[in-house]
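Colleague: Could we go through this model together? I would like to begin with how its strands pair.

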Amino acid sequence: MGNPRAFLTIDRKEAGYRPVHERIDDFSEVEQTLNSSDRRKQASRCMECGVPFCHWACPLGNKQPEWQELLFKGRWREAYLVLEQTCDFPEFTGRICPALCEKSCVLKLSADAPVTIRENEAAIIEAAFREGYIQPVSPVRNGKKVAVIGSGPAGLAAANQLNRKGYQVTVFEKDELPGGLLRFGIPNFKLSKAIIDRRIRLMKEEGIEFHVNTMAGKDILAKDIAKEYDAVCVAIGSEVPRDLPIEGRNLKGIHFALELLGQQNRLLEGIQIPPKNIINAKGKKVLVIGGGDTGSDCVGTANRHGAASVTQIEILPQPPAGHNPATPWPMYPQVLKTSSSHEEGCTRRWNLASCRFIGEKNILKGVEVEEVEWITPADGGRQIMKPTGKKEIIEADLVFLAMGFVHPEQEGLVKELKLATNDRKNIQVNETGYTETENIFACGDAATGASLVVTAMAGGRKTAAAIDKYLKKSSHHSLRSLVVSAHYVR
C-alpha cells in the first residue's frame, strides 16, 4: 500500500462535466478528465482493504486495489496489464459503467466518498492507447472457427477472448456498424463512437472478421453457419422494448426510446435517414415516460435538438438522495440520480401512471396521467400500486417510451440452428450450469435479459471460456453438442 493515510488527507475529486452552456450545442462527450497528477492522488485514496468489496461487486472481477496502487506509483503500463487481465474494454466500462465497485467501496460505506475507480479505469486505458502500450497481438491459430452473432458488449467480449485463444472468429452484425447497444443505443455525449472504432480496428488487426448488415437466419442462413463453424455464440441482445398499450398509442409522435437514440447516432455517423422518418424535438414539448438511464439519454438528446420543454415521468416513487435505508449494502442503492442530461434542463416527476394518449387529427397533443400511491402490505411483501383518482393532462408533441425491455428475442434463431444440426432436443440446464446437447452458446442480454454493459461483458467472457472448454474436448468439428449459459432463460 503506497500511502496508507491518503484516504484521510485527500478528498474525493471527480473530473466533472463540461459547462452546460458549452455542451448543450454538441454531441461530444460531456465528461472531463483530471490531469495525471490529480489522477494519481485519487488512486492513492484506495486503502487496499483486507476484503476488497469493490472486487467482489464487479461482475468482471476487476482487481481494483492492485491497479490503483500501480497507478498511484505512476506505473501506468503495469496498471494497464493488471486491468486488461479481467476487462476486455476498459474504455467502455470506464465511461458508462454505473460503477458497482464504487457502490461497495469501504470509503463509500463509511464516509460516502468512494475512490474514483471508474474514472481511474478510464484514465489507465486512455494512457495505454496514448503511450502505445496496446499493440495488436497475433494469436497462434488452432484450426477451429467460431461464429459470434451480435457485436454488442457481450459479443465483442466473447469474440476478443476466443480470438486470443487461437480461434478464427467471425462476428455477424445486423446493423450498419459493429457495437450493438454501444453504437446505436448509448448517446455520443456519453460514449464517443471514435472509441468504439478504435477498438474495432484493433480487433480486426488481430484477425477478427466483422460482417455488418448481415442478419443471421436471413442474410446468412442458419444451415450455412452450422456447416461452416465449429461453434456458434448467440449474443443478439434483448431488443424488445416494453410497450404502453393504452388508448391513443398509435398517434403520430409516440416513439420507443431507441428509435430516437439509434437514429440520432446514425445521423452523427453520416448514415442516411429518409427525411419523413427523422425524429426531431426542436421547438417541441417532449415527454419521456420512464425514469431510468435510457430515459435520461432521451432527455439529453431532446435538449440538444432544442426542445421547447422536456418532462420525464416515473411510475415509482422518488427515491431519497444520498442514502436509502430500504436498500442497504450489499443491495444496489436505489437513490436519486441526477445525470448530466437532467442538469441541462428537465422537469422530473414521480408517482405518475399514464392513462391515455390524447390527439387531434391523429397527431399527439398530450398524455393523461394519474397520480398513484405505493402501499406496503402488512406482511411486508411487495408494494402495491394504488390509483388516487387525481388526473391531469401533460401537454406533449413527442413522447418517448423508455420503460425497459421485456425479453430476449432469440428463440427463432436458436431453433433454426438446432434444425440445421438435426438436433431437436429441448434445451435443459443442469445443476452445473451447462448441458452438452449441441454447440450453440448464448451470452449477454440474449441469455439473461436486459442488464448492464459490464454484466454483458462478463457473460461474454464466461461463454468464451465455455466454448473453449467444449471445443478442446471435442474430437471433431461438426455441430453436435450444445453448451448453454447457466442464465439461458428460454
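Modeller: In this predicted model, strand β5 (residues 254–256) pairs with β12 in the parallel sense over 3 bridges. Two strands pair if DSSP finds at least two bridges between them, and strands are DSSP E runs of at least two residues, helices H or I runs of at least four, numbered from the N terminus.

Colleague: Which residue stands opposite Phe-400 in β12?

Modeller: That is His-255.

Colleague: And how many bridges join β6 to β12?

Modeller: Strand β6 (residues 285–289) runs parallel to β12, joined by 4 bridges. Ile-289 has Leu-401 as its bridge partner there.

Colleague: Are the residues on the two faces of β12 buried or exposed?

Modeller: Leu-398 and Phe-400 on one side, and Val-399 and Leu-401 on the other, are all buried. Buried means under 20% relative accessible area, exposed over 50%, and partly exposed in between (1.4 Å probe, protein chains only).

Colleague: Changing topic, what does Met-203 touch?

Modeller: Leaving out residues up to four places away in sequence, Met-203 touches Phe-89, Leu-156, Ala-159, Asn-160, Ile-208 and Phe-210. Contact means heavy atoms within 4.5 Å.

Colleague: What should I know about the numbering and the limits?

Modeller: Residues are numbered from 1 along each chain as its sequence is written, and side-chain values use heavy atoms, without hydrogens and water. Local features need pLDDT of at least 70 and side-chain atom pairs count only at pLDDT 80 or more, whereas totals for chains, interfaces and linings use all residues.
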